[in-house]
Amino acid sequence: MLTTTLNLDPVAPQTARFPPEAFDMLARLAENHLGMDFHKRRHDRLFLMISKRVKATFKQNIIDYLSFLETHPNHPEWIEIEQILTIQKTEFFRESSQIKFFEETILPEIKHRKYRDGDFKIRAWSCGCSTGEEAYTLSILFHQKFLPSTEWDVRILASDVHQNALEIGKNAQYTEESLHNVTREKRLNYFKNTGENYCVVEPLKEMIHFRKINLISDRYPIKTKFSVIFCRNLLIYMTPFWQNTILNRLRNYLEPGGYLLLGHSEYLADKKDFQLTKFNAFQSPIC
Ligand SMILES: C[S@@+](CC[C@H](N)C(=O)[O-])C[C@H]1O[C@@H](n2cnc3c(N)ncnc32)[C@H](O)[C@@H]1O
């Protein structure tokens, strides 16, 4: 079994404002629904946000609200609570050293190996893609490296548990501020400035398929094997059980020689047959 050693956010839990019963209930819901370790979050802020939902849904108090969620697992209110419980922070070209390594070392290695084997299919997965910036970053890098040559067939699956985040990704419109890591040349090549914001160009959009997938669900609706899986800055918020379970599952979705990229504070302690290259990029055995 794979195990992880994760550096956790240095945030001291502040449980004072949560009634203990409500705290336990929320921790249970967060783990059962999302695999999250609630102890790793800033509780004061969560308490305020949840209190707003208690009011908005006309519930009597926080316990009443949480009991409602517990007994209505498919209610649309879950979309709101998922937004509160999850952290959507992301950006284009996030963790630039790892992305540079991916661009300059991993992608050429994949291209060389696949070309040699006559396999022109590349599949990548950004799981926990949030609002899509990570998936579009990959699409830019793939486009530069493999396209517009017609022999390569490149597709990216971008998944998240959060429906609203996925809608933003599908919409593919970003503010100028969010493009601060994107070079002028890439902005010109891959974004259309609409005056109000920047819209990702069609060839990149066509490469990506957005889909809602909860990584703690029993089964993922995926048949393909991936050359690359980006699972960054998501496991850090999960319980050790779900970190291990998800890593074990992702491992089975990699093709031989495929790469799993984790966030900078996430580490595959028991690598087994995976080889750590650099910058938290792990390669599965080639055969
Ligand atoms: C901090 S963002 C990371 C985004 C991107 N990977 C990055 O590194 O910039 C974490 C994302 O994981 C998603 N997430 C949390 N729990 C999840 C779960 N159980 N299944 C799928 N996605 C989940 C959240 O909705 C959020 O969008």
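The model is predicted, and the chain averages a pLDDT of 89, with 94% of the residues scoring at least 70. Its secondary structure comes to ten helices and ten strands, and with a radius of gyration of 20 Å, close to the 19 Å that the globule rule gives for 287 residues, the chain is as compact as a globular protein of that length. The chain is divided into domain 1, covering 20–85, and domain 2, covering 96–283.

**Overall shape and confidence**

- Along its principal axes, the C-alpha trace of the chain spans about 65 × 50 × 35 Å.
- Of the 287 residues of the chain, 36% count as buried.
- Among contacts in the chain with a separation of 6 or more, 75% are between residues 24 or more positions apart.

- The C-alpha centres of domain 1 and domain 2 lie 30 Å apart, and the two domains are in contact through nine residues of domain 1 and ten residues of domain 2.
- On the side of domain 1 that touches domain 2, the elements giving two or more residues are α1 (20–34) and α4 (77–85), and the largest share, three residues, comes from α4.
- By class, the residues on that side of domain 1 divide into three nonpolar, two polar and four charged.

**The shell around the ligand**

- There are 23 residues around the ligand, and those that come nearest are T86, T90, G128, S130 and R232.
- The shell around the ligand has eight nonpolar, ten polar and five charged residues.

**Two non-glycine residues with positive phi**

- N233 has a phi near 60 degrees, a positive value in a residue other than glycine, and N233 is found in the loop between strand β7 (226–231) and helix α10 (240–252).
- N233 is buried, because 20 other C-beta atoms lie within 10 Å and the cut-off for a buried residue is 20 or more.
- F279 also has a positive phi, of about 50 degrees, although it is not a glycine, and F279 lies in the loop between strands β9 (275–276) and β10 (281–283).
- F279 has 17 other C-beta atoms within 10 Å and is therefore partly exposed, a class that lies between the exposed cut-off of 12 or fewer and the buried cut-off of 20 or more.

- Q163 lies in helix α7, which covers residues 163–171, and with 14 C-beta neighbours inside 10 Å it counts as partly exposed.
- Not counting residues up to four places away in sequence, Q163 touches I79 and K212; Q163 and I79 are 84 residues apart in sequence, yet their C-alpha atoms are 7.1 Å apart in space.
- L254 is found in strand β8, which covers residues 254–262, and L254 counts as buried because it has 21 C-beta neighbours inside 10 Å.
- Leaving aside neighbours within four places in sequence, L254 is in contact with K225, F226, I229, L260 and S284.
- L254 and R232 are 22 residues apart in sequence, with 16 Å between their C-alpha atoms, and R232 is one of the residues that come nearest to the ligand.
- S97 lies in helix α5, which covers residues 96–117, and S97 is exposed, since 11 other C-beta atoms lie within 10 Å and the cut-off for an exposed residue is 12 or fewer.
- S97 and R211 are 114 residues apart along the chain, and their C-alpha atoms are separated by 28 Å.

Key: Residues are numbered from 1 along each chain as its sequence is written. This is a predicted model: local features need pLDDT of at least 70, side-chain atom pairs count only at pLDDT 80 or more; totals for chains, interfaces and linings use all residues. Domain bounds come from an automatic or database domain assignment. Two residues are in contact if their C-beta atoms, placed from the backbone, lie within 7 Å. Helices (H or I, at least four residues) and strands (E, at least two) are DSSP runs, numbered from the N terminus. Ala, Val, Leu, Ile, Met, Phe, Trp, Tyr, Cys and Pro count as nonpolar, Asp, Glu, Lys and Arg as charged, and the others, Gly among them, as polar. A residue is near a molecule or strand if its C-beta atom, placed from the backbone, lies within 6 Å of it. pLDDT is the predictor's confidence in each residue, from 0 to 100. The radius of gyration is taken over C-alpha atoms; the globule rule is 2.2 Å times the number of residues to the power 0.38.
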